[in-house]
Amino acid sequence: AAGIQPKDGPVLDPAAMTAAYTEDGIQVSSGPFDGMNNREAIEKISDYLQDKGFGGKTTSYRLRDWCISRQRYWGAPIPVIYCDSCGAVPVPDEQLPVLLPENVVFKAEGGSPLMRCEEFVHTRCPSCGGPGRRETDTMDTFMESSWYHLRYTSPRYELGLVNADEAKEWMPVDQYIGGIEHAVGHLVYSRFYHRLLREIGFVPKEVPAEPFPRLLTQGMVCMETLYTLDDHDQPVWHYPEDVENGLSKVNGQMVQTGRVEKMSKSKRNVVDTSEIIARYGVDSARMFTLFASPPENDLIWKDEGVEGIYRFLSRLWRIVWTRKDDIRGAAPYQGDGSDLPADFAMLRKQHHKTVKGVTEDIEGRFHFNTAISKCMELTNLLVKQSLPTGDAGSASVQRDAVFALIGLLTPFAPHICEELFEALGGQGQAALAPWPTFDPAVAADDVVTIAIQVLGKLRATMELPAGATKEEMEKAALENPNVQRHIEGKTLRKVIVVPGKLVNLVVG
């Protein structure tokens, strides 16, 4: 069956999977689209279906009715005047903007304060000059936020909504980040509003019709709930500090553990960040929120997780502080690796692999959790690493690995990294230092795991040199004993090879 394999990482075995792979990757068992990036393949497959008359590309919107009015004082006034003779009359351009009055009265019983402001409500009809009444509703904040991305391109422009030249230079927005509630609210309306302004000429046609080419929908921070039941079997929610030895300090009952839910004051499953910071430091709290899950997934808060990050940062601190004199005295490594002892050659390779992996995780996928995990692996290798014994090359390799590690971790734990950067003799600030670089040849795997499929089903895996040719991959696949059992007595009709990834044998 057609599918997608990760571009980098372990080969997926459908028989052993409990859920579908939903990330981007490489097309497999997809006929002429084998080996393509799935995003590229989407376009190619759509074109293919259209050419064959089987289907084609379309865009659909699920716009909901949008009530833009709010019964409140704060907000942009709706520029409409009601006249008994003329009906609803727009406020003329020369009378814009309509300004909110400053002498309104707020009352406990509620209601729109503007309705009680006589001098604001009563005015003259712009059409006939007779008595008129201003609209007292104000606009929903979505109205303003639906075009704020355009206003950001020229915030001081006073001759219109948007400076056309600035909009052409800055648009589109590189990355949109928002909660799931924005996907059917602000995001949809903002895209619609953007297109509307473009169609009526407020935004030049050179600005793309799609304002946000990339979207990241972030998850919620969640935590388990604690409760007892009242006389009506309704939950009485508890903070963790309301519980001692499993009993409620509030009513003495046995406390029950409820579902993991989005943090909210009403469920009392919130965390006092000041206490967490006082105990573990702000870097530990910050890094845990990034490490606990990918940003698009919900994050389940656990104090033990923060403590684990605290131990990791403490280990990093000890490594740097105990070796800082050696590191400060070493120069950057300039060799090709042939002069290094085996363990330092391995450290050099791991250093370059880590920089490559972390850079890709951050820039391409926002997978901060896996980026931090790769930094942890490099840290663990440094812990086990023997100390240089007068060997300048080994000392330089250690120095480069530690500086790279601090650079990679600076976005996640900026305070501790600034301290360590200074302790090692770094110039200026770690946050302003160039991002660590890597040598692709050093970072490359020596061997790669190749999946062998027969009619799209995984039948074997094998390790081959990273630069193996298609012919070498095909030969190794056909010689695999398990593969031979599955093609025995059948005709080999086609061999599909994705270099460095898989071999799929089509038999009949």
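This note walks through a helix pair, a cavity, a pocket and some backbone details of a predicted model.

1. **Two crossing helices.** Start with helix H10, residues 303-328, and helix H12, residues 368-384. Their axes come within 11 Å and cross at roughly 45 degrees. Angles of 35 to 65 degrees fall between roughly parallel and roughly perpendicular, so H10 is oblique to H12. The crossing of the two helices is left-handed.

2. **What meets at the crossing.** H10 brings Ile-309, Phe-312, Arg-315, Ile-319 and Arg-323 to the contact. H12 answers with Cys-375, Met-376, Thr-379, Asn-380, Leu-382 and Val-383. By class, seven residues of this contact are nonpolar, two are polar and two are charged.

3. **The cavity.** The structure holds one cavity of 30 Å³ or more. The largest cavity has a volume of about 30 Å³. Its lining consists of Met-223, Glu-224, Leu-226, His-238, Pro-240, Arg-268, Asn-269 and Val-270. Strand E11, residues 221-229, gives the largest share of that lining, with three residues. The lining of the largest cavity divides into four nonpolar, two polar and two charged residues.

4. **The second largest pocket.** This pocket holds about 630 Å³ of space. It is lined by 16 residues, and those closest to its centre are Ala-76, Met-139, Trp-147, Leu-161 and Tyr-193. Helix H3 (141-145) and helix H7 (186-199) each supply at least two lining residues. H7 gives the most, with three. By class, the lining of this pocket has 15 nonpolar residues, no polar ones and one charged.

5. **Two cis peptide bonds.** Most peptide bonds are trans. Look, then, at the bond that joins Leu-96 and Pro-97: it is cis, with omega about 0 degrees. Pro-97 sits in the loop between strand E5 (87-90) and helix H2 (118-121). The peptide bond from Met-171 to Pro-172 is also cis, and its omega is near 0 degrees. Pro-172 lies in the loop between helix H5 (164-170) and strand E9 (176-179).

6. **A positive phi.** Most residues other than glycine have a negative phi. Asn-245 is not a glycine, yet its phi is positive, at about 55 degrees. Asn-245 is found in the loop between strand E13 (243-244) and strand E14 (247-248).

Notes:
Residues numbered from 1 in each chain as written. Predicted model: local features only at pLDDT ≥ 70, side-chain atom pairs only at ≥ 80, totals over all residues. Heavy atoms only, no water. Axes fitted to C-alpha atoms, helices over the stretch in contact; angles between N-to-C directions. Helix = DSSP H or I, 4+ residues; strand = E, 2+ residues; numbered from the N terminus. Parallel < 35°, antiparallel > 145°, perpendicular 65-115°, else oblique. Left-handed = near helix turned anticlockwise from the far one by under 90°. Contact = heavy atoms within 4.5 Å. Nonpolar A, V, L, I, M, F, W, Y, C, P; charged D, E, K, R; others polar. 1 Å grid on protein atoms, 1.4 Å probe; cavity = no way out; pocket = protein on both sides within 12 Å on 5 of 7 lines; lining within 4 Å. Points joined across faces, edges and corners; volume = space filled by probe spheres on them.
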